[in-house]
Amino acid sequence: CALLPGDSLIFVSGAASAAGILDPFGAFFAIALGACFGNTVAYAIGYYLGNKIYDGSIKWIDQQQMAKTQAFFVKHGKLTIVLARFVPLFAPLVAGAAKMNRLNFEASGTVGAVLWAGIILSAGHLFGNIPFIKDNLSLILVGGIVLGLAPFVIGYIVKKWRQHPDPKN
């Protein structure tokens, strides 16, 4: 899970590599390594926190979302860790809390990180020389960040709106 929409930043890195500004192999290595490190840290936090994640004693964790994530994780196992790179899940945290086998977790996480970094960086590299994309790269980055943050902002607004009673009643 990232604070900024990583996909947009990786796409822009790919476009920068197409323009010769950035070494594509160095970018790929750094992105994949960073993703693996992030997975490992989230797994370790989940492992440390263990059952506290599920018993509601950690207030900032959305129990409803955790239940959905855990159900998906239990059903799909290792594939969840591979795909977790592509969707906003807390799968590494859940894997640690569920005490998933560390070697299976790291192998699956590495596959996911390599696929994620490779696919998005390659897409940015492939499309980076298209004049429209090249000329509007900063707008594409900002648009990607806005679109990436939009679900969180909308979710927050909806949550606050539902907490306030209707003033007409």
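The structure is a predicted model, in which local features need pLDDT of at least 70 and side-chain atom pairs count only at pLDDT 80 or more, while totals for chains, interfaces and linings use all residues. Residues are numbered from 1 along each chain as its sequence is written, and side-chain values use heavy atoms, with hydrogens and water left out.

The protein chain has 8 helices and 0 strands, so that its pattern along the sequence reads α-α-α-α-α-α-α-α. Here helices (H or I, at least four residues) and strands (E, at least two) are DSSP runs, numbered from the N terminus. Of the 169 residues, 33% count as buried, where buried means under 20% relative accessible area, exposed over 50%, and partly exposed in between (1.4 Å probe, protein chains only). Among contacts (heavy atoms within 4.5 Å) with a sequence separation of 6 or more, 75% join residues 24 or more positions apart. The chain exposes about 10,800 Å², and carbon and sulfur atoms supply 70% of that area; accessible areas come from the Shrake-Rupley method with a 1.4 Å probe, and for residues only the protein chains shown count as cover.

Turning to the interior, in soluble globular proteins nonpolar side chains tend to be buried together. A nonpolar core is defined as a set of buried Ala, Val, Leu, Ile, Met, Phe, Trp, Tyr and Cys residues joined through side-chain atoms within 4.5 Å. The largest such core has 13 residues, and Ile10, Ile31, Trp116, Ile120 and Leu121 are those with the most contacts inside it. Helices α1 (6–18), α2 (24–49) and α6 (102–127) are the elements that give two or more residues to this core. Ile120 is in contact with Asp7, Ile10 and Phe11, once neighbours within four places in sequence are set aside. A second, separate core holds 8 residues, including Leu49, Leu93, Val94 and Ala97.

Leu93, in helix α5 (residues 91–97), is buried, with a relative accessible area of 12%. Beyond its neighbours within four places in sequence, Leu93 is in contact with Ala42, Ile45, Gly46 and Ile53. Leu93 and Ala44 lie 49 residues apart in sequence, yet their C-alpha atoms are 7.5 Å apart in space. Not counting residues up to four places away in sequence, Asn39 touches Arg85, Pro92, Phe105 and Gly109, whereas Ser13 touches Leu22 and Leu121.

Helices α4 (78–83) and α6 each supply at least two residues of the patch, and α6 gives the most, with 3 residues. Leu83, placed in helix α4, is partly exposed at 37% relative accessible area.

Aromatic rings come next. Rings of Phe, Tyr and Trp (its six-membered ring) pair if their centres lie within 6.5 Å; planes under 30 degrees apart count as stacked, over 60 as edge-to-face and the rest as tilted. A search of the whole structure finds 2 aromatic pairs. In one of them, the ring centres of Tyr43 and Tyr47 are 6.1 Å apart and the planes stand at 25°, so the pair is stacked. Both tyrosines lie in helix α2, 4 residues apart, about one turn of the helix. Tyr43 is buried at 2% relative accessible area, while Tyr47 is partly exposed at 44%. Together with Phe105, Tyr43 and Tyr47 form one aromatic cluster.

Finally, the structure holds 1 salt bridge, a term that requires a side-chain nitrogen of Lys or Arg within 4 Å of a carboxyl oxygen of Asp or Glu. The side chains of Arg102 and Glu106 meet in this bridge at 3.2 Å, N to O. Both residues belong to helix α6 and sit 4 residues apart, about one turn of the helix. Arg102 is partly exposed at 40% relative accessibility, and Glu106 is partly exposed at 22%.
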